[in-house]
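Please read the numbered points alongside the sequence and the model.

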Amino acid sequence: MKRVVHPIEQESFRRLRARLDTGHFPPLTRAVVERIIHSAADLAYADDLVMEEGELAKAHAVLHAGAPVVVDVEMVAAGITRRGTVCRLGDAEAGPGRTRSAHAMRLAYEEVGPGALWVIGCAPTALEELLTLDASPALVIGLPVGFVGAAESKAALRESGLPAVSNVSEKGGSAVAAAALNALLYHPTPFEASKASEAPEENL
């Protein structure tokens, strides 16, 4: 089903692009950067985010092929539209040297196995735990927020070599993590794009 964009959202993106030139970004990178900025009203994300277009393209393909999406908290899940998610935080338990968020990552991996997309917007310990698993993720959207461990966990993600969307600073959060995944969900597949280009002008 084609997504209908509300006029307020259209105007918001028009104003965003009037204040920030995003035309130099490749298509998927631009989609992610713009949607994150839109979600946070923070233009500084344009210089803070780190991602690779080729990795996004591969993730986009497997996402639209039905790969599972794992989130660290329900607030991230609530922000993701048009796709169900896996969140095991409610089943997780803290233990010696382990947070509930970290345990939830292990439970989720036991459920989904390799090849999932992981969206972490709240807990640095969830991201840290994911990096200890042999999860072979299609993409890690690692955007936890906070003064303790957030920037460090995102730096570790970048150093891991896993396909990822991250940012350098301590900021982040559930809304921006969900926005990054939504950007990939909303971006048309090559088939959808070709069909749109073939559509009569009156149907566009």
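1. A residue is called buried under 20% relative accessible area, exposed over 50%, and partly exposed in between, with a 1.4 Å probe and protein chains only. By that rule Cys87 is buried, at a relative accessible area of 17%, whereas Cys122 is partly exposed at 35%.

2. This is a predicted model, in which local features need pLDDT of at least 70 and side-chain atom pairs count only at pLDDT 80 or more, while totals for chains, interfaces and linings use all residues. Residues are numbered from 1 along each chain as its sequence is written, and side-chain values use heavy atoms, without hydrogens and water.

3. The structure holds zero disulfides (a disulfide being a pair of cysteine sulfur atoms within 2.5 Å). For Cys87, the nearest cysteine sulfur belongs to Cys122, 10.0 Å away; that distance is too far for a bond.

4. Nine salt bridges are found in the whole structure; the term denotes a side-chain nitrogen of Lys or Arg within 4 Å of a carboxyl oxygen of Asp or Glu. One of them joins Arg17 to Glu34, with the closest N and O atoms 2.7 Å apart. This pair links distant parts of the chain, 17 residues apart: Arg17 is in helix H1 and Glu34 in helix H2 (residues 27–40). Helices are DSSP runs (H or I, at least four residues), numbered from the N terminus. Glu34 is buried at 3% relative accessibility, whereas Arg17 is partly exposed at 41%.

Key: Helices (H or I, at least four residues) and strands (E, at least two) are DSSP runs, numbered from the N terminus.
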